[in-house]
Amino acid sequence: MNRIRILFVLLIYCNLIWAQAPTDSSIIVKVLTFNILHGATMQKDFNYDVIAKVIQDANPDFVALQEVDFKTSRSSGKDLATELGLRCKMVPLFARAIDFDKGEYGVGILSRYPFLRTQNNPLPSTSGHEARTSLIVTTKISSGDIINLVCTHIDYLPEGDRIAQAKQINKLYSKENYPTILAGDFNDIPGSDPIKLLEKKWGITYDKSNPEPTFPSNKPKVKIDYVMFAPVSRWRVIHQEVIHNDIASDHCAYLVTLQLIK
């Protein structure tokens, strides 16, 4: 009888240890979204090391970049995504939204994992407005699971195309075959119509009643930078953090740690 009691106690003890075991790092995904102001810092120079350090210190698996220059004159012909990828030892990818200044301008993704699929999907835009796009990559993470990351930069004009673009994002990506993360500068605040549209299809990583602001970087007042996920049942938010750096960009970077649910 005593032997059975000892075994029972040991079993309870082992269960407590297993319950407190750290989360399996192979299904943890860290995503950073960062509007990098075409590579120009708040000191009005093109110091890519300053931008790269924000990324390196955050140590993400993926970075969704907005306002990315590709070989424009103002960026001295540099491929900004590649410049940051080299510094951060991550795989870079650029997606064109418009032709600009003898080069191109759009969004980008940096990844610790190779890409299985990439696709650049333009978003609807009214004639005369700056065209916007969305970039999706499919990749296999260290657990062997396949996931998607979508990076986008939605229209900033008050009378612009945010509603139409949010609807298109939902249509394109919210029912992908693989668990999907959506990240970017959405240029609107929680509670606005475009964000409420996205929240119908995507899980959120922020407190709707008290969202931490991300813009402007020197004195953040509004949240316009986001990380979302779908389907809701496949992801759990572990941590979220607004990274305050008033030199690297006019936006704060936003870092979210997610757990993929098997």
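Me: Which residues is Thr 33 in contact with, leaving aside its neighbours within four places in sequence?
Reply: Thr 33 is in contact with Ala 64, Gln 66, Ala 183, Gly 184, Asp 185, Asp 225, Tyr 226, Val 227, Cys 252, Ala 253 and Tyr 254. Contact here means heavy atoms within 4.5 Å. This is a predicted model, where local features need pLDDT of at least 70, side-chain atom pairs count only at pLDDT 80 or more, and totals for chains, interfaces and linings use all residues. Residues are numbered from 1 along each chain as its sequence is written, and side-chain values use heavy atoms, with hydrogens and water left out.

Me: Is Thr 33 buried or exposed?
Reply: Thr 33 counts as buried, at 0% relative accessibility. Buried means under 20% relative accessible area, exposed over 50%, and partly exposed in between, using a 1.4 Å probe and protein chains only.

Me: Which strand does Thr 33 lie in?
Reply: Thr 33 lies in strand β1, residues 28-35. Strands (E, at least two residues) and helices (H or I, at least four) are DSSP runs, numbered from the N terminus.

Me: What lies 3.3 Å from a polar atom of the Thr 33 side chain?
Reply: That's the backbone nitrogen of Gly 184.

Me: Switching to rings: how many aromatic pairs are there?
Reply: The structure holds five. Rings of Phe, Tyr and Trp (its six-membered ring) pair if their centres lie within 6.5 Å; planes under 30 degrees apart count as stacked, over 60 as edge-to-face and the rest as tilted.

Me: Where do Phe 62 and Tyr 113 sit in the chain?
Reply: Phe 62 is in strand β2 (62-70) and Tyr 113 is in the loop between β4 (103-111) and β5 (115-122), so the pair links distant parts of the chain, 51 residues apart. Both Phe 62 and Tyr 113 are buried.

Me: And how are Phe 70 and Phe 94 arranged?
Reply: They are stacked, 5.2 Å centre to centre with 15 degrees between the planes. Phe 70 lies in β2 and Phe 94 in β3 (91-100), so the pair ties together parts 24 residues apart in sequence. Phe 70 counts as partly exposed at 22% relative accessibility, while Phe 94 counts as buried at 18%.

Me: One more: which residues are buried in helix α3?
Reply: In α3 (80-88), Leu 80, Ala 81, Glu 83, Leu 84, Gly 85 and Cys 88 are buried. What covers them includes α2 (48-58), β2, β3 and β4.

Conventions. Polar contact = N/O pair within 3.5 Å; in protein donor to acceptor, adjacent residues only side chain to side chain.
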